[in-house]
Amino acid sequence: MSFLLDAQGIGITFGGLKAVQDLTVQLPAGVLYGLIGPNGAGKTTAFNLITGVYTPQTGSVKLAGQTINGLRPHQIAKAGLSRTFQNIRLFGELSVLENVMLGSHVRGTHRLLATLLRTPGFVAQEEAMKRRAMELLAIFDLARMADEQAKNLPYGDQRRLEICRALATEPKVLLLDEPAAGMNPSEKKSLSNTIREIRDRFGLAVLLIEHDMGLVMEICEQITVLDHGQVISVGTPKQVQADPKVIEAYLGVEGSGEPSGEVSHA
Amino acid sequence: MKTLAQHISEISPARAFRPVAVFVPWVVCVLLALAVHFVSPLLVNEYWESVLQRMGVFIVAAVSLNIVNGFTGQFSMGHAGFMAIGGYIGAGVTYYGSLILHGSVGDPNFAVQGTLLMLAGLVAGACTAAGAGYLVGLPSLRLRGDYLAIVTLGFGEIIRVLLELTPKQVSDAAAVKASPIVSFFGFNGATGFAGTPAYANLFWIWLFVAITCVIAYRMKTSSSGRAFLSIREDEIAARAMGVDLTKYKVRAFVLAAFFGGVAGALYSHTGVNPSPTDAGFQRSFDIIIMVVLGGLGSVSGSVLAAMILVLMPELLRDLQQYRLVLYALLLIVMMLVRPKGLFGVKEIWDLSRGDRKQPVGKGGTP
Ligand SMILES: Nc1ncnc2c1ncn2[C@@H]1O[C@H](COP(=O)(O)OP(=O)(O)O)[C@@H](O)[C@H]1O
Ligand SMILES: [Mg+2]
């Protein structure tokens with residue numbers, strides 16, 4: 001079976017700390033895949049390895065058959081991988097619309113002369129970017145805020161705007177780093193619907209880091225559990241929930257036998 | 001709740017290519033330049049005309065520096081270095097070109113050819129400055145904040161010292177013809193390069209003011225401009241979204257240096273002799289203040305701030321001894337009242353649209 005995203009045995013060590021070790025994650029097309037684990041388990045680091053923020057010291061990453069480890073982040077984005085950030089990284093001073101349009105940047109051509117002369121091709125591309133951005137914003141019900149500065153949006157909207165911006169890069173695989181963090185239950189509910197909807201609509205594979213176990217167990221079809229940089233369990237939500245190693249890893253954090261509620265994190 | 005199709009139906013239809021919007025700005029550029037050129041002599045005396053010339057030069061300098069410091073968020077402190085490169089090369093082409101082609105400099109019968117020489121020198125100076133901008137831009141990939149500021153500051157100082165080391169000016173046409181290339185670098189050391197005819201009248205200067213502003217604004221409101229701004233806002237997010245940091249940082253430096261060179265070349269054709277101190281920290285700092293005061297990223301802000309800061313010393317001239325104090329005070333008050341500069345990243349015309357904070361904007365619906 002060929003995978004859309006195929007990370008094989010990736011790892012990195014920070015001055016003796018094995019942040020991620022021998023991690024293998026394989027996403028078939030259209031999957032909703034969860035990456036969970038207690039705080040400091042190495043989930044965000046795994047995203048950084050896959051997206052080229054850090055170069056994996058071991059292993060390889062393939063996206064739709066193309067080797068992407070060693071490429072620079074913008075090249076990986078172009079290859080079809082996009083992400084959101086655990087601590088929101090929007091372009092705060094830019095408008096909501098401009099944030100999403102920047103996502104389309106990677107799919108456009110940007111010749112200096114065409115930009116300065118505003119050639120018909122340039123104008124058409126700008127309009128296409130704008131239209132596409134508005135379509136995406138509409139899906140997230142953010143279209144009415146298109147002209148707001150991104151930094152003025154409520155927290156939950158900022159998180160959704162980040163997903164919107166990531167989608168504008170037209171990714172094959174979308175990596176979401178704790179998209180529900182800081183959201184209230186009804187926002188979470190609509191977020192999980194949205195994640196499903198965009199998966200269906202755009203035919204993406206989604207790799208999801210999330211602390212809200214309810215959300216993960218509800219929408220993910222496959223889950224990998226990390227602890228101390230190592231994979232301790234892989235399987236369906238049911239299998240993972242029943243795995244004694246997973247229960248143990250979460251015990252100290254949650255004080256309950258089953259990882260079902262939100263795990264607190266600093 | 002609305003369906004997606006409903007949302008999309010509300011989105012404005014694709015706007016066709018409108019030649020008017022594309023070409024009109026250039027026509028306006030020329031008209032503005034002509035207006036300044038022919039109207040201002042009716043209103044003000046020669047002294048104020050020279051103030052208007054200097055104002056134009058500094059608008060070009062400030063708007064171009066804004067591309068690096070404002071749009072892209074890379075703090076360059078060496079803009080005067082690029083101006084000086086453009087200024088010296090521009091002056092050199094006109095001066096030595098006149099000697100070679102005509103045997104003398106500043107002959108009224110040679111004014112048309114001289115003006116063409118100025119334009120050639122302007123292009124040569126701007127391109128050389130752009131080349132230097134490329135070299136200075138490269139370290140910006142690795143250096144952040146303070147370190148980049150120091151490197152660019154050093155660049156300006158290096159240019160200043162190099163100019164001080166240049167050999168004596170050659171004023172003998174025969175000697176220039178004998179060895180044109182060696183003569184060309186006769187920029188007269190610390191004394192400064194004298195005798196360049198003042199071919200840059202109000203028309204030329206304000207034409208380039210208008211061109212620079214149109215180009216900077218078109219840059220800002222394009223996908224390349226959003227790439228610049230995204231780097232300034234958050235480099236990590238920008239590259240994760242596919243922005244090639246190397247390409248865009250260098251592009252910003254090259255563009256800024258090019259128009260910095262244009263500003264310098266114009267300035268050295270206004271009867272002001274270029275001297276090595278033009279490349280130094282003082283001048284760079286003057287331009288930075290204009291950009292910061294106008295608002296990092298605001299083209300119209302840079303224009304207005306450059307106007308104010310060129311005019312202020314003139315208007316305060318009557319208060320002679322308090323001039324510098326008032327000047328400093330005004331800046332401090334500005335920074336306190338509007339810490340993001342006059343307009344922040346916005347443009348003057350954005351402000352009239354009122355407060356954007358209203359929850360339901362008109363955005364998205366026609
Ligand atoms: N750039 C870095 N330098 C040193 N240590 C790091 C770096 N990035 C992450 N770490 C460490 O790696 C471990 C995993 O972090 P992270 O991937 O952020 O965990 P989480 O699973 O909560 O997302 C933590 O102990 C963190 O301190
Ligand atoms: Mg994390």
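Visitor: Which residue in β4(A) is the bridge partner of Q8(A)?

Guide: In general, two strands pair if DSSP finds at least two bridges between them; strands are DSSP runs of E with at least two residues, helices are runs of H or I with at least four, and both are numbered from the N terminus. In this predicted model, Q8(A) has S60(A) as its bridge partner in β4(A). The two strands concerned, β1 (residues 5-14) and β4 (residues 58-63) of chain A, pair in the antiparallel sense over five bridges.

Visitor: What numbering and what confidence limits apply here?

Guide: Residues count from 1 along each chain as its sequence is written, while chains are lettered from A and ligands numbered from 1 in the order in which they are written. Because the model is predicted, local features need pLDDT of at least 70 and side-chain atom pairs count only at pLDDT 80 or more, whereas totals for chains, interfaces and linings use all residues.

Visitor: In what order do the four strands of the antiparallel open sheet lie?

Guide: The order is β2-β1-β4-β5 in chain A. β2 (17-27) and β5 (66-67) of chain A are at the edges with a single partner strand each, so one side of each has no neighbour in the sheet. Helix α1 (residues 43-50) of chain A lies across β1, β2 and β4 of chain A, at about 65° to β2(A). Such angles run from 0 to 180 degrees between N-to-C directions, with axes fitted to C-alpha atoms, for helices over the stretch in contact.

Visitor: Which strands form the mixed sheet?

Guide: Six strands of chain A form this open sheet, in the order β6-β7-β8-β3-β9-β10. Its edges are β6 (81-83) and β10 (230-235) of chain A; each has a single partner strand, so one side of each lacks a neighbour in the sheet. From one strand to the next, the twist averages 20°. Within this sheet, β3 (residues 32-36) and β9 (residues 222-227) of chain A pair in the parallel sense over four bridges, and Y33(A) has Q222(A) as its bridge partner in β9(A).

Visitor: Is helix α6 of chain A largely enclosed or left open?

Guide: A residue is buried if 20 or more other C-beta atoms, placed from the backbone, lie within 10 Å of its own, exposed if 12 or fewer, and partly exposed in between. By that rule 11 of the 14 residues of α6(A) are buried, so the helix is largely enclosed by the rest of the structure. Among the buried residues are L161(A), I163(A) and C164(A). The cover over the buried residues of α6(A) includes β6, α3 (96-104), α5 (120-139), β7 (173-177) and α7 (185-202) of chain A. After α6(A) comes E170(A), with a positive phi near 55°.

Visitor: How many residues does the largest nonpolar core have?

Guide: A nonpolar core is a set of buried Ala, Val, Leu, Ile, Met, Phe, Trp, Tyr and Cys residues joined through C-beta atoms within 7 Å. The largest here has 184 residues, and those with the most contacts inside it are L137(A), V173(A), V60(B), A62(B) and L266(B). Helix α12 (residues 245-267) of chain B gives the largest share, 15 residues.

Visitor: How many residues of chain A are in contact with chain B?

Guide: Two residues are in contact if their C-beta atoms, placed from the backbone, lie within 7 Å. Here 45 residues of chain A are in contact with 35 residues of chain B. On the chain A side, the largest share, 11 residues, comes from α5(A).
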